[in-house]
Amino acid sequence: MKTMKSITSLILFLFLGFTVVAQENKEEKLNLPGDNLNLYAVMDLFRESETLEGFEQNLNAEDSKINNLDLNNDGKVDYIKVIDNVQGEAHTIVLQVAINEKENQDVAVFTVQKDDKGQVQVQLIGDEELYGKDYIIEPIYDNASSASTPNPGYAGNTNTAQKQNVVVSKTTYVEVASWPVITYIYVPSYVAWHSPWYWGYYPSYWNTWTPYYWDYYYGYHSNYYNYYYGYYHHSHYYRYPYYTDHYYHNNRLYSPTVYVHIQNKVYKNTYSHPESRVQGSADFNRKYPNGYNPATKPRTSSSANRPTTRPGVNQPSTRPDVKTQFSRPVTTNPTARPSGSNQSTRPATTNPTARPGGSNQPSRPAVNRPENSPAVNSPTTQPNNPRPSINSGANKPEARPASTTPISRPSDNKPSTRPATSSPESKSPAKTASPDNRKSKSSSNSERPIK
């Protein structure tokens, strides 16, 4: 009797174990549009990013093979915007797609909250329209030691994923607070990132492509799962207590077009090529011939992730159905403002070429030029010296009108400032000087012959 009970218990244990393994290795297939955006990959990219702007660019990079969404069913992958809504020490970072000119659809949202001890919790919640209700991804937290500094050599328990043993690396709240992007959004000078792009206006680095079939996408990303399941898992509750009030009821956006597509099973076609799964796995192995190593996972450096231009000055989108959108006025482009508006804020007045020539003339010491030239002193000794043409030649670089620089005026005004009687008295020795002295004076006047 005991033997029968033991055998029954063993069979039951094996059956339960098989069921658990089957559940853990079930395909990540929801039969919803969210199948084409792997939130495990999105969470891992978020952890590696330095800024939200860089995260947005890498999320939309074709070579990362993370974004495979085509929600408006136009045969082109959609651009995912990143929008940060800040509520005190909490951030709800929304991933959003423009379906058309009037409709936007939220794809997923990061909830990030920081307590008074500096500890941070983060979750990634898929929108229920695309992933179903309560689809939550988070790091595998070590709640027992969340307040302590993580040990880099710590290797937690193991789990079974994709029929292989996976080493689980638990994460503390302190460790999450040290993620580069988390540090970035909590600096005092941080300005909440709100993607500037919208329907028909996308960054110059963005070039859309044809989406992959889901089986190819799954075949490619399934090779990451042993890594993903070691750091992240599904959660069953919201850590951010105001998720429903602050985000879901107040800020969430959904598209009626996407809802109709789901009801009409428009997205079903993406599952129609199961044979492509082998090709997806082969492309992964071709990318990592020596096996996947997280340290060698290619990412675009976020130092080059900042768009250098704003909407309206970038090259048009290649989407065929939005080419006409670029006929809109580009009044938001700062470079399109009238040149006069720039002069009021930029120190253009210091540049003589930016002002009319006449406005510069009053500031030039026009009447002081003759004082520095040898011709000013010549009337006292050479009253009949016909050298105005030489002085006028010295004034030519000023490029001023001849009417504003009377050449004879300095010679008329200068003698009037000196007493007529003082000049003969002071110059009387010169009149009685010997011929040799007079020759030396004339030779000092720039060696110009006197006729």
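Helices (H or I, at least four residues) and strands (E, at least two) are taken as DSSP runs and numbered from the N terminus. The structure is a predicted model, in which local features need pLDDT of at least 70, side-chain atom pairs count only at pLDDT 80 or more, and totals for chains, interfaces and linings use all residues. Residues are numbered from 1 along each chain as its sequence is written, and side-chain values use heavy atoms, with hydrogens and water left out.

The protein contains 19 helices and 8 strands. Of its 451 residues, 39% are buried, where buried means under 20% relative accessible area, exposed over 50% and partly exposed in between (1.4 Å probe, protein chains only). Among contacts (heavy atoms within 4.5 Å) between residues at least 6 apart in sequence, 72% join residues at least 24 apart.

Helix 7 (residues 214-221) is largely enclosed by the rest of the structure, because 8 of its 8 residues are buried. These buried residues are W214, D215, Y216, Y217, Y218, G219, Y220 and H221. They pack against helix 2, helix 8 (225-231) and helix 11 (276-287).

Two packed helices are described by the angle between their axes and the distance between the axes. Axes here are lines fitted to C-alpha atoms, for helices over the stretch in contact, and angles run from 0 to 180 degrees between N-to-C directions. The axes of helix 7 and helix 11 come within 7 Å and cross at roughly 35 degrees. Helix 7 passes helix 11 in a right-handed crossing; a crossing is right-handed if the near helix is turned clockwise from the far one by less than a right angle, and left-handed if anticlockwise. On the helix 7 side, the contact involves W214, D215, Y216, Y218, G219 and Y220, and on the helix 11 side S276, R277, Q279, G280, S281, D283, F284 and K287. By class, this contact of helix 7 with helix 11 has 5 nonpolar, 5 polar and 4 charged residues. In this scheme Ala, Val, Leu, Ile, Met, Phe, Trp, Tyr, Cys and Pro count as nonpolar, Asp, Glu, Lys and Arg as charged, and the others, Gly among them, as polar.

For helix 2 (residues 39-48) and helix 3 (residues 52-59), the axes come within 9 Å and cross at roughly 140 degrees. Helix 2 is therefore oblique to helix 3; angles under 35 degrees count as roughly parallel, over 145 as roughly antiparallel, 65 to 115 as roughly perpendicular and the rest as oblique. The crossing of helix 2 with helix 3 is right-handed. V42, L45 and F46 of helix 2 meet L52, F55, N58 and L59 of helix 3. The residues of this contact divide into 6 nonpolar, 1 polar and no charged.

Two residues other than glycine have positive phi values: N31, near 60 degrees, and K265, near 55 degrees. N31 lies in the loop between helix 1 (2-24) and helix 2 and is exposed, with a relative accessible area of 53%. K265 is found in the loop between helix 10 and helix 11 and counts as exposed at 61% relative accessibility.

P256 belongs to helix 10 (residues 256-263). With 44% relative accessibility, P256 counts as partly exposed. The C-alpha atoms of P256 and Q105 are separated by 8.9 Å, although the two residues are 151 residues apart along the chain.
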